[in-house]
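Today I am going through this model with a notebook open beside the viewer. Here is what I looked up, entry by entry.

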Amino acid sequence: MAPLITNIFTADPSAHVFEGKLFIYPSHDRETDIKFNDDGDQYDMVDYHVFSTESLDPAAPVTDHGVVLRAEDVPWVSKQLWAPDAAYKDGRYYLYFPARDKQGVFRIGVAVGDRPEGPFTPDPEPIRDSYSIDPAVFVDDDGRAYMYFGGLWGGQLQCYQKGNGIFDPEWLGPREPSGEGVRALGPRVARLADDMRQFASEVKEISILAPETGEPIAADDHDRRFFEAAWMHKYDGKYYFSYSTGDTHYLVYAVGDSPYGPFTYAGRILEPVLGWTTHHSIVEFHGRWWLFHHDCELSGGVDHLRSVKVKEIFYDKDGKIVTEKPE
Ligand code: FUB
């Protein structure tokens, strides 16, 4: 299947329907001489573009709205603009993005605009109490907004085992908890304030439960434990929390009855693609459900030069997502 975006390398697509059009907020991958490592230093991105399309018909054009935010325009950022997301509330659009601060610690920032295609003006400081990577913002039917976030290894989630805001540098690197009886680290969620620029609640850890035991997924269960790439969507009144399993390269999901979880693991959405990372979003558009994701086919398998793709997904009669194979 051909990539949706071919003029530049793009990854981590967060798709949203705004003003009746489909908007995509991806990372913008670029060439670098930085050596590949398991901390992801080679993902050295410096800006964001926004894309939109009126239709997901393969022949429909996709518009590149150009650069909407640069690392150099955000006072607290040192490097690595990783996977972003966007949200709309009360007439304004919000672009959320993770990046390393001047101390090399990942934080999450917000930039605000009047149009879905930007431009966006960044707040001068990261969101208070935010940490790690991969923000995904979900606005529920009652108007309440939640940010899901977190990522292991280079994403530094494992550095916060002593508590929110307590960064433990001992855990830096491609590391995570392991061992018999040790539960996996959960992704994080916080409710967003009405102004969408700060957290209105404490950051909470989310529980992802194994269906066979009802207990949290084990740390060594790398086929199912949360690694990065949080996404939330609602289908038939249920909350579908989806994510990447990182080093086992699956996109998987878990289902719950509340935006805070707990969520019970429900299966795979996409088998591994070409390339180390896998990251996605799920959105309903014109009455059909779409999985946006990326792979490295266009770059011939270069892990940090990815391209956004889209694929229709289907639910069975019980609300289970039918597993897709990469194309
Ligand atoms: O694009 C940089 C990082 O790679 C993202 O933040 C992760 O989700 C992975 O896709």
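**Entry: an aromatic group**

I started with Tyr 88, which counts as partly exposed because its relative accessibility is 37%. This is a predicted model, so every entry below describes a prediction.

I ran the ring search over the structure and noted 31 aromatic pairs. For Phe 18 and Tyr 25, I found ring centres 6.3 Å apart and planes at 70°, so I wrote this pair down as edge-to-face. Phe 18 and Tyr 25 are both buried. Phe 18 also pairs with Tyr 88, and here I read 6.5 Å centre to centre with 50° between the planes, a tilted arrangement. Phe 18 sits in strand 1 (residues 10-18) and Tyr 88 in strand 6, so this pair ties together parts 70 residues apart in sequence. For Phe 18 I got 9% relative accessibility, so it counts as buried.

**Entry: strand 3**

How many residues of strand 3 (residues 47-53) are buried? I found seven of the seven, so the strand is largely enclosed by the rest of the structure.

I also checked which way the side chains go. Asp 47, His 49, Phe 51 and Thr 53 point one way, Tyr 48, Val 50 and Ser 52 point the other way, and all are buried.

For the neighbours, I noted that strand 2 (residues 21-28) pairs with strand 3 in the antiparallel sense over three bridges. Strand 4 (residues 63-70) also pairs with strand 3 in the antiparallel sense, over five bridges. Across from Asp 47 I found Arg 70, in strand 4.

**Entry: Gln 80, a loop residue**

Gln 80 is in the loop between strand 5 (77-79) and strand 6 (85-89). Is it buried or exposed? I got 1% relative accessibility, so Gln 80 counts as buried.

What does its side chain reach? I traced it to the backbone oxygen of Gly 40, at 3.1 Å. Leaving out residues up to four places away in sequence, I listed what Gln 80 touches: Gly 40, Asp 41, Tyr 43, Asp 44, Met 45, Pro 98, Ala 99, Arg 100 and Phe 106.

**Entry: Ile 206, another loop residue**

Ile 206 lies in the loop between strand 13 (204-205) and strand 14 (208-209). With 0% relative accessibility, Ile 206 counts as buried. I looked up Leu 185 too: it is 21 residues from Ile 206 in sequence, and 8.7 Å from it in space, C-alpha to C-alpha. Not counting residues up to four places away in sequence, the contacts of Ile 206 include Tyr 148, Arg 183, Phe 241, Tyr 260 and Phe 263.

**Entry: salt bridges**

Side chains with opposite charges can pair when their charged atoms come close. My search of the whole structure gave 26 salt bridges.

Lys 234 and Asp 140 form one of them, with the closest N and O atoms 2.8 Å apart. I placed Lys 234 in strand 15 (residues 228-235) and Asp 140 in the loop between strand 10 (136-139) and strand 11 (145-149), so to speak two distant parts of the chain, 94 residues apart. Lys 234 is partly exposed at 22%, whereas Asp 140 is buried at 7%.

Next I looked at Arg 288 and Glu 312, whose side chains meet at 2.8 Å, N to O. Arg 288 is in strand 20 (residues 288-295) and Glu 312 in strand 21 (residues 307-313), so the pair ties together parts 24 residues apart in sequence. Arg 288 is partly exposed, with a relative accessible area of 41%.

Lys 309 and Asp 295 form a salt bridge as well, at 2.7 Å, N to O. Lys 309 is in strand 21 and Asp 295 in strand 20, 14 residues apart. Both Lys 309 and Asp 295 are buried. I also noted a network of salt bridges with shared partners, joining Asp 12, Asp 29 and Arg 306.

**Entry: charges over rings**

Finally, I checked arginines over ring faces. Arg 175 lies over the face of Trp 171, 4.5 Å from the ring centre. Arg 224 lies over the face of Tyr 265, at 5.4 Å from the ring centre.

How values were computed: Residues are numbered from 1 along each chain as its sequence is written. This is a predicted model: local features need pLDDT of at least 70, side-chain atom pairs count only at pLDDT 80 or more; totals for chains, interfaces and linings use all residues. Side-chain values use heavy atoms; hydrogens and water are left out. Helices (H or I, at least four residues) and strands (E, at least two) are DSSP runs, numbered from the N terminus. Buried means under 20% relative accessible area, exposed over 50%, partly exposed in between (1.4 Å probe, protein chains only). A polar contact is a pair of N or O atoms within 3.5 Å; within protein, one must be able to donate a hydrogen and the other to accept it, and residues adjacent in sequence count only if both atoms are side-chain atoms. Contact means heavy atoms within 4.5 Å. A salt bridge is a side-chain nitrogen of Lys or Arg within 4 Å of a carboxyl oxygen of Asp or Glu. Rings of Phe, Tyr and Trp (its six-membered ring) pair if their centres lie within 6.5 Å; planes under 30 degrees apart count as stacked, over 60 as edge-to-face and the rest as tilted. A charge sits over a ring if NZ of Lys or CZ of Arg is within 6 Å of the ring centre and within 35 degrees of the ring normal. Two strands pair if DSSP finds at least two bridges between them.
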